[in-house]
Amino acid sequence: MSRFLDAVNHRPVDATPVWLMRQAGRSLPEYRRLRERWKLVDIVAQPELCAEVTLQPVRRLGVDAAVMFADIMLPLRGMGVEFELVEDVGPVIARPIESAADVERLRVPAGEEAAPQVITAVRQVVGESPVPVICFCGAPFTLASYLVEGRPSRDFKKVKAFMYNQPEAFESLLAKLAATMSGYLAAQVGAGAAAIQVFDSWVGALAVEDYESRVLPHTRAILDAVAPLGVPRIHFGTHTASLLELIASAGPDLVSLDWRVPLDVGWTRVGHHRGVQGNLDPAVLLGPPELVIERARDVLRRAAGRPGHVFNLGHGVLPETPLESLQLLIETVHEWRPAPVG
């Protein structure tokens with residue numbers, strides 16, 4: 001039995017399933033000990049280390065799914081992109097994309113070729129995990145943002161200028177990214193992934209009309225491509241309150257809601273035939289225990305026991321999060337027993 005898979009398939013569960021984005025990471029002492037010796041790229045390149053880090057929160061916290069320890073940028077190496085994952089900065093691109101010629105040079109690797117070390121690690125994690133394994137990719141716009149901006153951005157002015165001034169090149173860039181990520185996700189499912197998540201972390205920077213006309217078709221292309229694989233498909237984004245109906249139209253099985261929209265309101269907007277994931281503010285876990293319990297229960301009350309809710313944060317676990325707060329959150333979610341929806 002899997003609470004997570006039952007919930008995403010709208011089947012009854014004995015308790016609300018919960019997993020946390022970035023649950024494998026700097027908030028866990030065992031991970032910090034590993035990072036004294038290894039960089040992220042080293043961990044992902046060594047399947048046994050990747051499996052260890054991915055499974056640490058499963059053992060420590062009792063979450064209902066394991067999410068692969070990886071980075072959304074890794075399959076871009078298979079496209080010919082050189083970058084460095086800089087500590088406390090993020091991805092830094094060696095040669096940011098500026099022209100149609102730069103887009104033309106990008107390859108579209110086939111499936112596992114995008115990041116073979118990740119696929120190897122997925123196989124090992126799946127072989128060892130007692131809970132379903134979630135794999136993921138970056139969405140076309142978010143990946144394009146890094147490729148054009150050259151590094152993390154606050155205002156996204158370079159990628160927007162590229163989108164407006166070179167629309168054909170922008171379209172080609174997103175199409176290549178969508179094709180690569182579709183194959184990459186298929187390879188992860190082939191390696192045993194039980195669910196996939198598409199991270200569109202920066203999509204909330206877009207105007208509604210730009211998302212609908214320029215970005216949505218490429219996100220939909222990925223979700224359509226993996227639909228025949230038969231695993232649940234989750235769409236994640238932040239600052240998406242203005243985009244929820246459009247995101248739902250892309251076809252995910254679950255829409256991840258951030259904390260800027262109440263869960264019950266967001267669920268109504270995306271449709272109750274679809275599942276939702278979320279949506280506690282990660283910063284709440286930096287507060288006192290009584291606040292963690294109160295806010296978690298508020299999310300659960302808004303879900304009202306309706307099939308299809310997977311508890312999560314609205315974004316990733318913050319590095320400063322006390323371990324005790326994570327443990328309290330998981331216990332609070334698992335202990336909650338709502339009255340069933342009539």
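Start with the largest pocket, which holds about 1,600 Å³ of space. Keep in mind as you go that this is a predicted model. To find the middle of the pocket, select Arg22, Arg26, Asp71, Gly90 and Pro91: of the 48 lining residues, these lie nearest its centre.

Now colour the pocket's surroundings by secondary structure. Helices α2 (29-35) and α3 (40-45) each put at least two residues into the lining, and so do strands β2 (83-86) and β3 (90-93). Which of the elements gives the largest share of the lining? That's β2, with 3 residues. Switch to colouring by residue class and the lining splits into 28 nonpolar, 11 polar and 9 charged residues.

Next stop: the aromatics. There are 4 aromatic pairs in the structure.

Last, hop over to two helices: select 263-270 for α12 and 289-303 for α13. How do they pack? Their angle is about 35°, and the axes are 8 Å apart. The crossing of α12 and α13 is right-handed. Bring up the side chains to see who makes the contact: Leu263, Asp264 and Trp267 from α12, and Val299, Arg302 and Ala303 from α13. By class, this contact has 4 nonpolar residues, 2 charged ones and no polar ones.

Technical notes: Residues are numbered from 1 along each chain as its sequence is written. This is a predicted model: local features need pLDDT of at least 70, side-chain atom pairs count only at pLDDT 80 or more; totals for chains, interfaces and linings use all residues. Side-chain values use heavy atoms; hydrogens and water are left out. Axes are lines fitted to C-alpha atoms, for helices over the stretch in contact, and angles run from 0 to 180 degrees between N-to-C directions. Helices (H or I, at least four residues) and strands (E, at least two) are DSSP runs, numbered from the N terminus. A crossing is left-handed if the near helix is turned anticlockwise from the far one by less than a right angle, and right-handed if clockwise. Contact means heavy atoms within 4.5 Å. Ala, Val, Leu, Ile, Met, Phe, Trp, Tyr, Cys and Pro count as nonpolar, Asp, Glu, Lys and Arg as charged, and the others, Gly among them, as polar. On a 1 Å grid over the protein atoms alone, a cavity is a set of points where a 1.4 Å probe fits but cannot get out, and a pocket is an open set with protein on both sides within 12 Å along at least five of seven lines; lining residues have an atom within 4 Å of a point. Grid points are joined across faces, edges and corners, and a volume is the space filled by probe spheres set on the points. Rings of Phe, Tyr and Trp (its six-membered ring) pair if their centres lie within 6.5 Å; planes under 30 degrees apart count as stacked, over 60 as edge-to-face and the rest as tilted.
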